[in-house]
Amino acid sequence: MTSKERVLATMNFQPVDRPAVMPLEGTAWICRRAGISYADQYEMADYGAADIVKGFEDMKSDVVFCGGSCWMAWAHAFGSEVDATTVGGPVNVGPAFDPEKGIPEMTDDEIRETLLNDYYIKAMLGQIKAVKAIVGDDKPIMSGHCGPFTGASVLAGTKKFVKYVGKNNPILPALLDFTSRVLGIYADLMKDAGTDILNVCDPMASGDMVALDTFKDLDLPAMETYLKYKPELPYLVHICGNAGERVEFIRDFGAAFFSVDSMVDMADMIRKCDHKMVMVGNINPAGVMLQGTPEDVYNETKKLLEMAKENGGGIIPSTGCELPAASPLENILAMVKAAEDMGAIG
């Protein structure tokens with residue numbers, strides 16, 4: 001099977017020659033290895049596409065990720081200051097506007113045009129197209145953005161957004177609606193560029209950040225709006241930290257994959273998915289992938305794969321959050337070795 005066939009078969013709970021494996025994201029790892037920043041990558045003629053493809057080939061990942069810098073940098077199109085110059089490091093994004101002074105009133109066409117005219121969006125879409133030209137249909141390309149709840153916190157500024165949520169500020173519905181429309185239209189642009197699977201990261205929706213009632217009252221309606229605009233592509237949702245209480249809601253929204261952190265009980269998640277959604281994760285990023293040995297990673301991966309085999313599939317081993325940029329390659333390859341040793345499932 002090709003990697004793309006393997007991932008799509010896993011998504012549909014069909015037999016595979018071996019389990020699919022991927023780190024979560026991984027472009028920061030690639031940048032660090034090359035000694036460059038995301039900003040440097042976007043200045044290259046191919047937007048860093050050759051380095052990205054080579055990096056995921058070296059990891060033996062079944063998925064190629066694009067645009068680690070743009071999961072929040074889309075906010076630049078609406079006024080955010082963006083710093084993507086740290087080598088292998090995070091992208092710092094400032095607030096775009098003060099919602100109390102007005103939320104942009106824009107038609108869908110105006111949002112699309114604003115995105116298409118932005119430097120970071122142009123670079124992101126160029127990178128996806130260039131990666132697609134190299135990879136073809138051998139591996140699925142996954143690229144994405146933050147979820148609506150996190151996106152609204154980026155536009156407004158995290159501190160201000162948290163205050164809005166705590167006081168149930170009446171400005172929230174309009175802010176979340178605007179953010180959801182923007183992200184859905186942005187996702188459509190990614191599809192046109194060659195994205196196969198959307199990666200929707202929503203750390204602000206974590207149980208460590210907001211109560212379940214807040215998640216249901218604010219985040220879920222925003223997701224409903226996003227899904228009306230999102231193109232017909234399978235999508236992965238990642239929520240950091242304690243996200244276990246969210247699994248059935250994410251499943252019922254029709255997500256193909258749900259990525260969770262190492263503190264989440266994967267056996268419980270797989271039961272609740274009921275063969276309707278594939279779980280991704282949840283190897284401890286820092287404690288095992290970064291600081292552990294290849295044997296540690298192999299053993300953790302094997303535990304996940306044994307659950308998958310008993311369930312007839314349903315898990316793609318990955319890091320519980322973004323792959324740490326300094327992770328040893330030997331540790332990443334240990335995940336693949338465990339999958340190869342497991343062999344066919346289904």
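The legends below describe close-up views of a predicted model.

The model is predicted, with local features needing pLDDT of at least 70 and side-chain atom pairs counted only at pLDDT 80 or more, whereas totals for chains, interfaces and linings use all residues. Residues are numbered from 1 along each chain as its sequence is written, and side-chain values use heavy atoms, with hydrogens and water left out.

**View A. The aromatic cluster of Trp74, Phe78, Phe97 and Phe178.** The whole structure holds 7 aromatic pairs (ring centres of Phe, Tyr or the six-membered ring of Trp within 6.5 Å; planes under 30 degrees apart are stacked, over 60 edge-to-face, the rest tilted). Trp74 and Phe78 have ring centres 6.5 Å apart and planes at 70 degrees, so this pair is edge-to-face. Both Trp74 and Phe78 are buried (under 20% relative accessible area, with a 1.4 Å probe and protein chains only).

**View B. The aromatic pair of Phe78 and Phe178.** This edge-to-face pair has its centres 5.5 Å apart and 85 degrees between the planes. Because Phe78 lies in the loop between α5 (70-73) and β2 (82-83) while Phe178 belongs to helix α10 (residues 172-193), the pair ties together parts that are 100 residues apart in sequence (helices are DSSP runs of H or I with at least four residues, strands runs of E with at least two). Phe178 is buried, as is Phe78.

**View C. Arg246 over the face of Phe215.** Arg246 is placed 4.7 Å from the ring centre of Phe215 (a charge sits over a ring if NZ of Lys or CZ of Arg is within 6 Å of the centre and within 35 degrees of the ring normal).

Definitions and conventions:
Buried means under 20% relative accessible area, exposed over 50%, partly exposed in between (1.4 Å probe, protein chains only).
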